[in-house]
Amino acid sequence: MRFEIQAQCPVTKARAGLLHTAHGVIETPVFMPVGTQATVKGVTQRDLACELDAKIILGNTYHLFLRPGHELIRQLGGLHRFMSWDRAILTDSGGFQVFSLDSLRKVTDEGVLFRSHLNGDAHMFTPESTVDVQLAFGSDILMVLDECLPYPTSHEAARASMHRTIRWAGSGFARYRERADPDRHACFPIVQGSMYPDLRRQCAEALVELDAPGYAIGGLSVGEPRALSQEMVDVTAPLLPVEKPRYVMGVGMPAELPEYVARGIDMMDCVLPSRNARNGYLFTSEGKLVIKQNRYRDDPRPPDPACSCYTCSTYSRAYLRHLFQAGEILYSMLATIHNLKRYLDIMRYIRQAILLGRFPDLLAEVRSLPAGQEPV
RNA sequence: GGACAGGUGGGUGAGUGGUUAAUACCAGCAGACUGUAAAUCUGCCGCGCAAUCGCGCUACGAAGGUUCGAAUCCUUCCCUGUCCA
């Protein structure tokens with residue numbers, strides 16, 4: 001994997017680049033749709049590639065390990081072939097499930113003992129085993145196992161956890177070095193440290209020693225105020241190597257995307273566009289549009305008149321609202337197509353602005369919008 | 001004509017003397033959602049008013065009755081379903 005920086009914003013830390021992977025070139029900054037169980041819920045791979053032109057999506061180690069299992073996926077030619085997706089795939093390590101499935105796991109120095117949410121079976125995830133599993137998937141970008149903490153966490157606990165994450169990154173990365181072909185697979189360590197700048201700094205500095213092909217900032221979007229997440233990126237990003245891609249995990253709302261880019265971030269992922277789509281919430285150029293609301297029952301306009309996606313160029317708000325009310329599957333498909341298009345378009349727009357040297361203007365414009373409004 | 005079984009808030013359907021403005025589910029309305037245990041979850045959901053614990057009114061087919069008190073018991077009537085003629 002190779003990262004090439006094409007343009008740098010003269011005012012902010014934003015940059016535009018190209019991430020060359022074994023499964024295609026990714027233009028950055030990039031938004032990566034989340035496809036936990038080898039599917040981005042609600043859309044087909046054809047939608048993702050043709051309609052949305054997503055260049056990279058996520059998969060999840062914990063979920064795919066439990067079902068259908070990494071050996072089966074390996075046997076069927078790897079995750080790309082299994083799910084018929086020939087573009088890039090980044091897999092999360094299961095570190096987020098340490099946070100989201102906290103009642104079903106036990107963290108030790110050795111790793112994480114999960115009790116399957118499907119059938120209660122116990123499975124030990126270690127830094128090494130999660131690398132092995134992700135290599136069985138054939139992921140383009142593997143993530144090292146980390147411990148994602150809830151908010152708030154005491155400094156003392158966060159510090160201990162951060163050191164564990166560093167140790168895990170060391171062993172996971174060593175396994176990656178030993179078993180992976182670096183031309184085909186990259187592996188990113190994850191900076192933790194809760195909401196403490198000193199811990200973030202310490203963690204970043206330790207992880208940089210690994211000389212990894214890219215770095216992630218994790219442990220955000222776990223219940224903390226927005227400003228805090230951005231502050232953590234503020235202190236962390238500058239410590240990560242300039243020439244390598246930086247990835248903030250699990251963010252954010254549309255108006256926050258340029259904020260992270262301005263702080264030197266190249267990659268982001270989030271379930272918001274896909275999940276909120278299914279729950280009746282559309283992201284539009286005019287802001288939040290809760291399509292399930294009664295007020296749209298007779299609205300003939302497209303969800304977002306400024307959007308060129310299949311949904312907006314074909315269907316009315318009234319029709320989408322009807323599909324939602326009726327519990328029709330088509331609703332989820334159409335809404336997900338729109339929301340993902342929205343996120344991907346925002347990132348493309350940001351990227352263009354950086355390339356044209358107009359990013360500071362874009363950022364100023366977004367910041368001047370009233371709350372709830374969204375970037376064009 | 002006869003024998004059973006029933007009639008409960010928008011729907012289905014609990015409740016069978018007080019703790020019931022009435023369980024639950026659905027529908028409806030609103031909200032949440034940030035490296036997905038999520039086509040999920042939460043709140044509201046008779047009518048007024050206060051609009052924060054509050055107050056008043058009307059309600060369990062209809063009308064009477066028993067009782068301190070009835071959706072719940074009794075009487076009559078109306079209606080529905082199934083079966084037999």
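Modeller: First, a term: a residue is buried if 20 or more other C-beta atoms lie within 10 Å of its own. Keep in mind that this is a predicted model.

Colleague: Fine. How many of the residues of helix α6 are buried?

Modeller: Eight of the 11, so α6 (residues 127-137) is largely enclosed by the rest of the structure. The buried ones are Pro-127, Thr-130, Val-131, Val-133, Gln-134, Leu-135, Ala-136 and Phe-137.

Colleague: And what comes just after α6?

Modeller: Gly-138, with a positive phi of about 80°.

Colleague: Which residues does Thr-61 contact, leaving aside its neighbours within four places in sequence?

Modeller: Thr-91, Asp-92, Ser-93, Gly-94, Thr-130, Val-133 and Gln-134. Thr-130, Val-133 and Gln-134 are among the buried residues of α6. Thr-61 itself lies in helix α2.

Colleague: How far apart are Thr-61 and Val-133?

Modeller: In sequence, 72 residues. In space, 7.1 Å, C-alpha to C-alpha.

Colleague: Is Thr-61 buried or exposed?

Modeller: Thr-61 counts as buried, because it has 28 C-beta neighbours inside 10 Å.

Colleague: Step back to the whole chain. How many helices and strands?

Modeller: Chain A has 15 helices and 17 strands. Of its 376 residues, 51% are buried.

Colleague: What about the radius of gyration?

Modeller: Chain A has 20 Å. A compact globule of 376 residues would be near 21 Å, so the two agree. The C-alpha atoms fill a box of roughly 60 × 50 × 40 Å along the principal axes.

Colleague: And contacts across the sequence?

Modeller: Take the contacts between residues at least 6 apart in sequence. Of those in chain A, 70% join residues at least 24 apart.

Colleague: Ser-221 was on your list. What is its phi?

Modeller: Near 60°, which is positive in a residue other than glycine. Ser-221 sits in the loop between β13 and α9. It counts as buried, because it has 22 C-beta neighbours inside 10 Å.

Colleague: And Asp-53, what is its phi?

Modeller: Near 55°, again positive and not a glycine. Asp-53 is in the loop between α1 (45-51) and β5. This residue is partly exposed, because it has 13 other C-beta atoms within 10 Å.

Colleague: While we're on backbone geometry, where are the cis peptide bonds you flagged?

Modeller: One runs from Arg-67 to Pro-68, with omega near 10°. Pro-68 lies in the loop between α2 (61-66) and α3 (70-75). Another runs from Tyr-151 to Pro-152, with omega near 0°. Pro-152 is in the loop between β10 (141-143) and α7 (155-179).

Colleague: Back to β15. What does it pair with?

Modeller: Strand β4 (residues 30-33) joins β15 through four bridges, and the two run parallel. Val-30 has Met-267 as its bridge partner in β15. β14 also pairs with β15 in the parallel sense, over two bridges. There the partner of Val-248 is Met-268.

Colleague: Are the faces of β15 covered or open?

Modeller: Both are covered. Met-267 and Asp-269 are buried on one side, Met-268 and Cys-270 on the other.

Colleague: Last one, α9. Which of its residues are buried?

Modeller: In helix α9 (residues 226-236), they are Ser-229, Met-232, Val-233 and Thr-236. These residues cover an arc of only 95° around the axis, so they are on the same side of α9.

Colleague: Why would that spacing line up on a helix?

Modeller: An α-helix has 3.6 residues a turn, so residues three or four places apart point the same way.

Colleague: And what does the buried side of α9 pack against?

Modeller: The buried residues of α9 pack against β12 (190-191), α8 (197-208), β13 (215-217), β14 (246-248) and α10 (257-262). In that group, β14 is the strand that pairs with β15.

Methods: Residues numbered from 1 in each chain as written. Chains lettered and ligands numbered in written order. Predicted model: local features only at pLDDT ≥ 70, side-chain atom pairs only at ≥ 80, totals over all residues. Buried ≥ 20, exposed ≤ 12 C-beta atoms within 10 Å, placed from the backbone. Arc of directions from axis to C-beta. Contact = placed C-beta atoms within 7 Å. Rg over C-alpha atoms; globule rule 2.2 N^0.38 Å. Pairing = 2+ DSSP bridges.
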